[in-house]
Amino acid sequence: MLRTTASRVLDDNDRDEVLALLDADPVVNVFVASRVRAVGLNPARLGGQMWGFGPRGGLTSLCYAGANLVPVNAGTDAVHAFADRARKQGRRCSSIVGPADAVAPLWERLEPYWGAARAIRRAQPVMAVTTPSPVPIDPLVRRVRPEEFEILLPACVAMFTEEVGISPEAGDGGALYRSRVAELIRIGRSYARIEHGRVVFKAEVGAVTPLACQIQGVWVHPDLRGRGHAVAGMASVVKHALDCFAPVVSLYVNDYNAPARAAYHKAGFKEIGTFMSVLF
């Protein structure tokens, strides 16, 4: 049986308690915390619901249910409750992602109802760094300018397709993805080395709170891989992120991506946990 103590949909009256719970593990929870800090808990602004487990004043677990399903500090009882609500609601997300010890049992309970996933990434090391990288930065890595959007976009599409396995331009023709790429450029969180109209290296700071930030979308042009661009580029982005955004810079990576993991280690990142992703 999936049914257990029920979860509830949270609202802005729960914001302080939600943020306190998220900030207890600011690196692991940076994505969800950045959303809540930016827009609050109203579903229309949040782009989904925030489910809570535990009474008001006694929240112990959360689950962000939007484009992604993201459990937060979810033990066995909370996983059962979130699975129960997700099963009744039906699948609305494109992925389940978060700490492996919560995502694995959550998916175990949902798979019989939601059907097979397109891909499962069972071990994704979470990595973080709090000091500048021990290697030289690439001085040519800089913030992308708005007029460079059309140069950057093909690299972003290539990265997403390579990483996720489908094109972000499927479905709506890429409108939402283009909007997100443009927004990250506009707010100064998109970085790249661009030479002669070609992206050599790129990365974005996708989520930011006062306590931590998360790098995403790391990509090196296929013709230029193996030349150290990822290490030096990441060193540059780490420096910018520490200077401009937060005292901890994090990311997560597939365990089988040995070149990327090696590059991040060289750039000063240490493994601090493990995520799991279920992709639909």
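The legends below describe close-up views of a predicted model.

**View 1. Packing of helices α1 and α2.** Helix α1 (residues 15–23) and helix α2 (residues 30–39) pack with their axes 10 Å apart, at an angle of about 155°. Because angles over 145 degrees count as roughly antiparallel, α1 is described as roughly antiparallel to α2. Their crossing is left-handed. From α1, the residues R15, V18, L19, L22 and D23 make the contact, and from α2, V32, A33, V36 and R37. By class, the contact of α1 with α2 comprises six nonpolar, three charged and no polar residues.

**View 2. Packing of helices α6 and α7.** The axes of helix α6 (residues 149–164) and helix α7 (residues 175–186) lie 10 Å apart, and the helices pack at an angle of about 120°. This angle makes α6 oblique to α7. The crossing of α6 and α7 is right-handed. On the α6 side are F149, E150, L152, L153, C156, V157, M159 and F160, which meet Y177, R178, V181, A182 and I185 in α7. The contact of α6 with α7 has 11 nonpolar residues, two charged and no polar ones.

**View 3. The largest nonpolar core.** This core has 25 residues, of which I215, M234, V237, V249, L251, Y264 and F269 touch the most other members. At least two residues of this core come from each of β6 (119–129), β9 (198–208), β10 (213–220), α8 (229–244), β11 (249–252) and α9 (258–266).

**View 4. Surroundings of L251.** Leaving aside residues up to four places away in sequence, L251 touches P125, V126, M127, Q214, I215, M234, Y264 and F269. Another core, of 24 residues, lies apart from the largest one and includes A65, A86, I96 and L106.

Key
Residues numbered from 1 in each chain as written. Predicted model: local features only at pLDDT ≥ 70, side-chain atom pairs only at ≥ 80, totals over all residues. Heavy atoms only, no water. Axes fitted to C-alpha atoms, helices over the stretch in contact; angles between N-to-C directions. Helix = DSSP H or I, 4+ residues; strand = E, 2+ residues; numbered from the N terminus. Parallel < 35°, antiparallel > 145°, perpendicular 65-115°, else oblique. Left-handed = near helix turned anticlockwise from the far one by under 90°. Contact = heavy atoms within 4.5 Å. Nonpolar A, V, L, I, M, F, W, Y, C, P; charged D, E, K, R; others polar. Core = buried A, V, L, I, M, F, W, Y, C linked by side-chain atoms within 4.5 Å. Buried < 20%, exposed > 50% of the residue type's maximum accessible area, 1.4 Å probe, protein only.
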